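Please look over the sequence and the structure first.

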Amino acid sequence: MHKANPTSLILSAAMLLEWLAARHQRPEFEQAAKAIEAAIDASLKDPATRTADLGGKLGTQAFGKQVAGLIG
């Protein structure tokens, strides 16, 4: 349990925000997408904050909390 890597799901949400930003001319959505992408990048850069499938020790929920904490 809690072994799935949620990175692709989280980045899918960022992609949706990018599309919404372009479609509705909402720059704040683009900023949110960039914040999500930066949080993912920072989390994956540090082995201590990676999921187990990438050599880290975090499970699904812990990784999600890590990423959310970096966003805001």
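α2 passes α3 in a right-handed crossing. A crossing is right-handed if the near helix is turned clockwise from the far one by less than a right angle, and left-handed if anticlockwise. This is a predicted model, in which local features need pLDDT of at least 70 and side-chain atom pairs count only at pLDDT 80 or more, while totals for chains, interfaces and linings use all residues. Residues are numbered from 1 along each chain as its sequence is written, and side-chain values use heavy atoms, with hydrogens and water left out. Helices (H or I, at least four residues) are DSSP runs, numbered from the N terminus.

α2 and α3 pack at about 125°, and their axes lie 9 Å apart. That makes α2 oblique to α3. α1 and α2 come within 7 Å, axis to axis, and cross at roughly 160°. They are therefore roughly antiparallel. The crossing of α1 and α2 is left-handed. Axes are lines fitted to C-alpha atoms, for helices over the stretch in contact; angles run from 0 to 180 degrees between N-to-C directions. Angles under 35 degrees count as roughly parallel, over 145 as roughly antiparallel, 65 to 115 as roughly perpendicular and the rest as oblique.

Contact means heavy atoms within 4.5 Å.

| Pair | Axis separation and angle | Residues of α2 in contact |
|---|---|---|
| α2 and α3 | 9 Å, about 125° | A35, I36, A39, I40, A42, S43 and L44 |

On the α3 side, the partners are F63, Q66, V67, L70 and I71.

How long is helix α2? Its 19 residues (27–45) should span 27 Å at 1.5 Å a residue, and its end C-alpha atoms are 27 Å apart, which agrees. The expected span is 1.5 Å times one less than the number of residues.

A33, I36, A39, I40 and S43 are the buried residues of α2. They cover an arc of only 125° around the axis, which puts them on the same side of α2. The arc is that of the directions from the helix axis to the C-beta atoms. Buried means under 20% relative accessible area, exposed over 50%, partly exposed in between (1.4 Å probe, protein chains only). The cover over these buried residues includes α1 (7–24) and α3 (60–71). Exposed residues P27, Q31, K34, D41 and K45 sit on the face turned away from the buried side.

Definitions and conventions
Helix = DSSP H or I, 4+ residues; strand = E, 2+ residues; numbered from the N terminus.
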